[in-house]
Amino acid sequence: MYRDTRKHKKHIAKMGIEIDYSYQNRGIGQILMKEIVKFAKQAWKDLELIEVSISGSNKQSIRAHEKFGFKHVAAVPNAIKWKGKYYSEMIMQYRIR
Ligand SMILES: CC(C)(COP(=O)(O)OP(=O)(O)OC[C@H]1O[C@@H](n2cnc3c(N)ncnc32)[C@H](O)[C@@H]1OP(=O)(O)O)[C@@H](O)C(=O)NCCC(=O)NCCS
């Protein structure tokens, strides 16, 4: 989890979770997100939003974040280039207060 310290960006923290492949799709992502939100709420009283950037091709991650309550706020076309192919990046946010 990363929080920009500049005054105009302090209301948003960015996060990313990576679970070992063999433990994915068992709901562990939901548990981790709940703990991250709990920690962020307690640690930063002026934090309002948690943001994630996910490749548009990563349907599992998009679904896991939607299920938790993250909302789609933007799609950035051509944000990722991998092996000569372009992918969009989905920006999703979760409001904690
Ligand atoms: C993203 C990640 C943290 C989610 O955690 P998780 O424990 O695997 O996720 P959950 O089990 O809570 O939820 C997964 C959901 O995706 C769904 N899903 C799996 N494959 C899917 C696919 N191809 N298309 C659509 N949905 C899919 C599952 O069915 C489940 O939804 P459901 O409960 O409604 O059926 C984990 O998968 C991960 O570490 N992935 C690799 C790294 C990554 O992509 N990190 C995120 C970048 S910010």
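Predicted model: local features only at pLDDT ≥ 70, side-chain atom pairs only at ≥ 80, totals over all residues.
Next I looked up which of the 20 residues around the ligand come nearest, and I noted Q24, G29, K59, Q60 and A64. Two or more shell residues each come from α1 (28-43), β3 (49-55) and α2 (59-68). I also sorted the shell by class and got 6 nonpolar, 9 polar and 5 charged residues.

**Sheet.** I then turned to the strands and wrote down their order as β1-β2-β3-β5-β4, an open sheet of 5 strands with mixed pairing. At the edges I have β1 (2-3) and β4 (71-82), each pairing on one side only. A reminder to myself: strands of a sheet pair through backbone hydrogen bonds, either parallel or antiparallel. I checked β3 against β5 (residues 85-95) and found them antiparallel, over 7 bridges. For S55 I looked up the bridge partner in β5, and that is E89. Helix α2 packs on this sheet, where I see it touching β3 and β5. The direction of α2 makes about 160 degrees with that of β3.

**Whole protein.** Stepping back, I counted 2 helices and 5 strands, and along the sequence I read the pattern β-β-α-β-α-β-β. I jotted down a box of roughly 40 × 35 × 20 Å for the C-alpha atoms, taken along the principal axes. How much of the protein is buried? I get 10% of the 97 residues. Last, I looked at contacts between residues at least 6 apart in sequence, and 56% of them join residues at least 24 apart.

Key. Residues numbered from 1 in each chain as written. Near = placed C-beta within 6 Å. Helix = DSSP H or I, 4+ residues; strand = E, 2+ residues; numbered from the N terminus. Nonpolar A, V, L, I, M, F, W, Y, C, P; charged D, E, K, R; others polar. Pairing = 2+ DSSP bridges. Contact = placed C-beta atoms within 7 Å. Axes fitted to C-alpha atoms, helices over the stretch in contact; angles between N-to-C directions. Buried ≥ 20, exposed ≤ 12 C-beta atoms within 10 Å, placed from the backbone.
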